[in-house]
Amino acid sequence: MLVLLIGLLVSTASAQSQPFLDSEGHPQGPQIEILHIHGIVQGYGYGLYRPDVPINRAEFLKILTLAVYGQEMAGSAIPCFTDFSGAPQWFWGPACIAEQNGIIMGYPDGTFRGEQTVNLVEALAMAERAWQMPAPYYFHQPSHWYDKYFDAVLDRGVSEYFLGNPGHLLTRGDAAWLLVALGQHLSTVGEPVSSSSVSSLSSVSSASSVSSVYVHNVCGNRVKEGTEQCDDGNAEDGDGCSSICVIVPEPIQHSAIRLDQRALGTDTVAGGSSQTVLFSFDANARWQDAILTGLKFDAEFGAFTAAVNYRLYEDQDGDGKPESQVSSGLVRDNVLAFSGIGARIFESRGKRFEIRADLVQTSGHLALAFRTSDSAYVEAVGAIDGRELVGIRTDQGGCPRADNCWIAVYTLESAPVTLTDRGNLFVTEASQPVRSHQLLAGVQSADLLRLSFRATDEDIMIRRMTITGASDAVAEIQFFDPGASVPFATAHTSGCRTPAAGKFCTAMQFTARKDVLRDVIVRALLTSADDGARSGVTVALTLSADTSGLDKAVEATGNSSQQDLSQNDGDFSAEGEVFIGRAAAGANNAITGPTSDVVHAALRSITNAASSSDGTTIPTGLHTIGVFRFAAQDRPSVARSSRLVTLTTLSFDVTATNVLFGTGSFAFVNMMSPTVAAPCTQSARTGNIRVTCSGFVTYGVNTSIPFGDYVTLGLKGSIENAQIATGGNSTLQVSLSSINNREATGGVTWNDGTSAFQWVDIGASEISSTLYRIP
């Protein structure tokens, strides 16, 4: 059996137990030692492995063979590749066995090129074939011939580790990392090898008609002979020719970086806009941190003169948002260059970069792209060793250098920024709905209108607003940010250029950020009843669609362009305009909030006040089956006189399942005087019964509630049979339904001493009392 010499000294078992001196602390040290323990690698002597030395195709095949089969394979020296000519080399026989067994294929020209440094995809292909790893199944042909090798080990992190570069030239450390990362069984050299694992190889070897060729050579006699790659007259390591006469280049240590351009999408930006993002990329390092020192860019669309103050920013705190400027760009000869950057790219995590600039043109386009025509459009050095990273591989193109390219760049088609003279403002109704309210005179209202402002192309300052649809009961209109308790602006009738009833105008300054929705809440402050606020009048605040007159709904100015926006001209082009009630260009639509009623007094809440808990057994005879507490709003601080809420009619929904009531058995009481009752009408004796109670004053039942006070009222009923069908389930419950819907006739009718209302401004639409049941 021809022993495959690849520059590895055969060590003793005791030596294998000691880690290599240069693998301890090395990033690939753990993987190297795993192979070392299995006897797959022995190193160069003197306790050295030389992990950063390149490994050629023959040497990788030797290590792979030991890892898979646990022993070297004998083979004939019959030339099976076209470059196997002249003096036989040590790897010819094993290479031919590997070729006949489909482990290696050679190059299209028929050569093996054993002395050539092995690249990543070649090593993957050899390893996956040798271990007979399953290949992926494709419905469609993959884009590249080597995709199947990467896809087969997709979950092993190989592509990520080597920065997605199939042409990466492996070092001895890389080879160890790869063989361990594949997760296959590693044989131990010297242990018996099963016949099944080597049957195919041994059969090929025995079938060969030409015996193995052994060439005797003496290392250190200054004569290059036999299988020697060199002979410098000594048997020492570290001088370029090893102690076994194999060429060993000086160790190399390199960082490698990968830059991935990020998609920004198309955008339209107003001239004058500052800090506009024109380009973005993520950067990662491998093996050691790197220092980014230089970048060059072309103007793929437009010209660099469209902007000034080009600046490069990096994300220093790791939140994905570049916030720190690291360099200023210089434009010269139509090239944008950043030099002396000094930004650290980490091995442990990626970093995001952005190029921003201040736009000065008001038309045209601008897009940046890496200057790939320049062989040094990205410049960097290793952060630890200071070595320059040379060679750039762009996208799926090959490396232009004979050895490794230490920089990989993946680009995207740049999306241009469209330049315009000014932005647009779109005002729409906010997504969160607003309901009708009862507006208590003398206090601040609930939300009456919610608006959303969206600026495009630039930040936009809203200078004036006009709200219509108010009444003489409104003292002022107030504008709030969501969650704020203090308005940022207030509008009055006196603020209008042409005053009119129900119209409120104000000058203001608030900014709608570009492409960010800003919600604004509109409320009203009402005049007190003592100062003339009329009960029963309605309020429906409106942002008008009308663009005529002096008081426009919204007037605005572009922050960057410093130009006033035009009022909507009604067409479907956004040309620096204010659009009302639309999210895109088109004719305005008025935005109107729901109708609310002004009241002099109001209910604050209606709650279940029954003492019986749900599940109580249904009683028989005359019982109070529903109890409710009605509470009035507090007295406004500006009110000088008292007002009452007076309940005039209550309509209850009584659900009586398998329960029978007597005819004319319902009555209504104030729980403070439960013996004084007002009779009620009923729609049925069982099932769903509508019970209506009124005429409280006539029968002496008090239902009037002063400011801040409450009354507790009950519904009585005479139950003749609590279980009509013996053994059946019976339930009984009293409810007030549809009570907060202004557009429907609900269960509560009341007045404030002036006007009557058939709805209640509370959050719940239905209030239920105790749920009785049998069983």
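These legends describe close-up views of a predicted model. Residues are numbered from 1 along each chain as its sequence is written, and side-chain values use heavy atoms, leaving out hydrogens and water. In this predicted model, local features need pLDDT of at least 70 and side-chain atom pairs count only at pLDDT 80 or more, while totals for chains, interfaces and linings use all residues.

**View 1. Confidence along the chain.** The mean pLDDT (the predictor's confidence in each residue, from 0 to 100) is 88, and 89% of residues reach 70 or more. Residues 1–15 have pLDDT below 50, and this stretch has 44 contacts (heavy atoms within 4.5 Å) beyond near neighbours in sequence. Where pLDDT is low, the predicted coordinates should not be read in detail.

**View 2. An open sheet of three strands.** The strands (DSSP runs of E, at least two residues, numbered from the N terminus) lie in the order β16-β29-β23, with mixed pairing; two strands pair if DSSP finds at least two bridges between them. At the edges, β16 (438–440) and β23 (538–539) each pair on one side only. Two bridges join β23 to β29 (residues 596–599), and these strands run antiparallel. Thr-538 has Asp-597 in β29 as its bridge partner.

**View 3. A buried salt bridge.** Arg-57 and Glu-122 form a salt bridge (a side-chain nitrogen of Lys or Arg within 4 Å of a carboxyl oxygen of Asp or Glu), with the closest N and O atoms 3.3 Å apart. Arg-57 and Glu-122 are both buried (under 20% relative accessible area; exposed is over 50%, partly exposed in between; 1.4 Å probe, protein chains only).

**View 4. Asp-531 and Arg-640.** Their side chains meet in a salt bridge at 3.1 Å, N to O. Asp-531 is partly exposed at 48% relative accessibility, and Arg-640 is exposed at 54%.

How values were computed:
Helix = DSSP H or I, 4+ residues; strand = E, 2+ residues; numbered from the N terminus.
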